[in-house]
Amino acid sequence: MKGQVAIVTGGSRGIGKAIAMALAKKSVKVVVVGTKQETTSQTAKELSNLGTDSIAIAADVSNSADVKNIFDSTIKEFGKVDILINNAGITKDALIIRMKDEEWDRVIDVNLKGTFLCCREAIKLMIKQKYGRIINISSIVGFMGNIGQANYSASKAAIAGLTKTLAKEYANRGITVNAVAPGFITTDMTETIPENIKTEMLRSIPMGRFGVPEDIANVVVFLASPEASYITGQILHVNGGMYM
Ligand code: NAD
């Protein structure tokens, strides 16, 4: 994978940062995309310290002009895009009877439309290159449902449909498209979950522990590697046995 170029959305922290670090350790050049310039640049600096080239781009993946800029800047800096990791995601939880239009729209816009926009730009380039690896980050709740997450679970389930369709559309162009569906992973996103709910969740994980970002990063790096060349259209569940 040495010398390949990857774009990791939501790469500034949490799971995305772990993915970016794991790719950098394989000598992949990484474009880190995040909402905040400062934290995104800080992560890119940490990656450069590992000895690989890395740039930071502050962008909103739900905005098509921003997404175009991500890809234009990547081509200008590195000349190609081999790997796209659609990891940027947000939650805005509420029971559906209290869920505001804006909460529904924003989660769908970032999680689903953002993935669509980045896939569209990446695939245009990857078709020309006759090579590409796309990994979309879904979620266990897209498959199990979760109280208070109608918007989020719908966006993550939809990512599975998007992944399978793109896998079919471009399988004969050297492009694989897969998704990883994490279970409960300890990050800033899950920090706000109340302790009593966390204890209850832990009881439903056969392995008896929450995941760490590296548990997801290792699987993503495998799917992005040449060893995974015959895998496409798959949803890989990484959850300690919480959902089978
Ligand atoms: P996080 O909140 O720690 O990080 C989210 C990242 O996305 C940040 O870098 C943020 O800057 C970026 N981001 C948010 N909105 C953006 C936008 N509009 N444009 C560009 N970047 C944006 O979250 P995390 O826990 O690391 O989750 C990463 C992904 O994994 C998400 O898609 C999340 O839904 C998914 N996931 C997480 C868990 C978990 O337990 N943590 C479980 C299943 C799935």
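**Salt bridges**

I searched the whole structure and found eight salt bridges, a salt bridge being a side-chain nitrogen of Lys or Arg within 4 Å of a carboxyl oxygen of Asp or Glu. The model is predicted, so I note that local features need pLDDT of at least 70 and side-chain atom pairs count only at pLDDT 80 or more, while totals for chains, interfaces and linings use all residues. Residues are numbered from 1 along each chain as its sequence is written, and side-chain values use heavy atoms, with hydrogens and water left out.

I looked up glutamate 46, which forms one of these bridges with lysine 17, the closest N and O atoms being 3.1 Å apart. Glutamate 46 sits in helix α2 (residues 37-49) and lysine 17 in helix α1 (residues 14-25), so the pair ties together parts that are 29 residues apart in sequence. I take helices as DSSP runs of H or I with at least four residues and strands as runs of E with at least two, numbered from the N terminus. Glutamate 46 is partly exposed at 25% relative accessible area, and lysine 17 is partly exposed at 22%; here buried means under 20%, exposed over 50%, and partly exposed in between (1.4 Å probe, protein chains only).

I then checked aspartate 72, whose salt bridge with lysine 68 has its closest N and O atoms 3.3 Å apart. The two are four residues apart in helix α3 (residues 64-78), and are therefore separated by about one helical turn.

**Strand β6**

I asked how many residues of strand β6 (residues 175-182) are buried. Eight of the eight are, so the strand is largely enclosed by the rest of the structure. Both faces are covered, with Ile175, Val177, Ala179 and Ala181 buried on one side and Thr176, Asn178, Val180 and Pro182 buried on the other.

For its neighbours, I found strand β5 (residues 132-137) running parallel to β6 and joined to it by six bridges, where strands pair if DSSP finds at least two bridges between them. Glycine 132 has isoleucine 175 as its bridge partner in β6. Strand β7 (residues 235-238) also pairs with β6 in the parallel sense, over four bridges, and proline 182 has valine 238 as its bridge partner in β7.

**Loop residue**

Finally I looked up isoleucine 147, which lies in the loop between α5 (141-144) and α6 (150-170). Isoleucine 147 is exposed, with a relative accessible area of 76%.
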